[in-house]
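Grab your viewer and follow along.

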Amino acid sequence: MRKASATFRMLAPLIAVGVLLVGCGSTTSAPTSTATRSVAPAPAETAAAQKPETVATASPAPDLPVGSLYKNPANNRNEVILADVRHTAVLIGDSQSQPKDSWPQRGIAALGYKLHVAGMGGTGFVASTTKTGNYIDALQRGDWVLPYGDPPLIVIQGGGNDASQKASDTQIATNAERLLSVLKKRYPGARIAMIGTLAKGADNGGGRRTEVDALLGRVAAKNSIPFISAGDWLTRYDAVGDLQDGVHMKPSGHAKLGSVLAKKLTELGLAPRPDTASVPAQ
């Protein structure tokens, strides 16, 4: 037994070195970088924003395929690679904005922009669902992603779900300020505009929806950004009959209000500037 113990003491250092070498060998054989599929829900699909396919944190963004997620080192947040971000407007909204031919999408596209749509139905500045958070919280946790690069225009639409979920003025204003702060910091060169809450108007039963519309107007004014009130559009533009369920529009309503929005955006000077004018698709 003593002889065996002495032998073990002599061999122990050699065994330790062997284990160390094996461990080092397995480390150096591993890949230096990988691309994996994102598990976060993608933004609504449009011609310019399709479901992200890969996540890459080591490759330069310009070398990634369209639809990939790039972890921007400036903010440590995944951002989607678009085909032509310089001519793409970002639309953040709820179910009013989600149909591809929705009135917010129609209005913005009519000016010549391509579109990247973020946000989801059932959400708002405060409102959330079992699947996703409100606008700012969903962004922070990656439920939807912003584009990499410098889009020329960002439009935020919402308020209806905040009204129906009885969010307070303070909650709505606070979260709207949070979202605007993030967007201004991330895209200092972009023009940002807000669209209010689609409703019938104070004198026609608009109720809380019209109140939230007015509140968002005050938030926009405080932040010196253009605001388009929609708090009486259903009656002003004779669109009550174009509702399909009391809240959402039929195709006829989307077409009608899309034209109104395009006119309002143009009047506010939000049409593409010469250096961001839309280019024909290749």
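Q: Are Phe-125 and Tyr-135 buried or exposed?
A: This is a predicted model, where local features need pLDDT of at least 70, side-chain atom pairs count only at pLDDT 80 or more, and totals for chains, interfaces and linings use all residues. Residues are numbered from 1 along each chain as its sequence is written, and side-chain values use heavy atoms, with hydrogens and water left out. Buried means under 20% relative accessible area, exposed over 50%, partly exposed in between (1.4 Å probe, protein chains only). On that scale Phe-125 and Tyr-135 are both buried.

Q: Which kind of aromatic pair do Phe-125 and Tyr-135 make?
A: Rings of Phe, Tyr and Trp (its six-membered ring) pair if their centres lie within 6.5 Å; planes under 30 degrees apart are stacked, over 60 edge-to-face, the rest tilted. Here the centres sit 5.1 Å apart with the planes at 70°, so the pair is edge-to-face.

Q: What is the geometry of the Trp-103 and Trp-233 pair?
A: Both of these Trp residues are buried. Their ring centres are 5.6 Å apart and the planes make 55°, which goes down as tilted.

Q: Which side chain makes a polar contact with Glu-79?
A: Glu-79 has 1% relative accessibility, so it counts as buried. A polar contact is a pair of N or O atoms within 3.5 Å; within protein, one must be able to donate a hydrogen and the other to accept it, and residues adjacent in sequence count only if both atoms are side-chain atoms. At 2.7 Å, the partner of Glu-79 is Arg-186.
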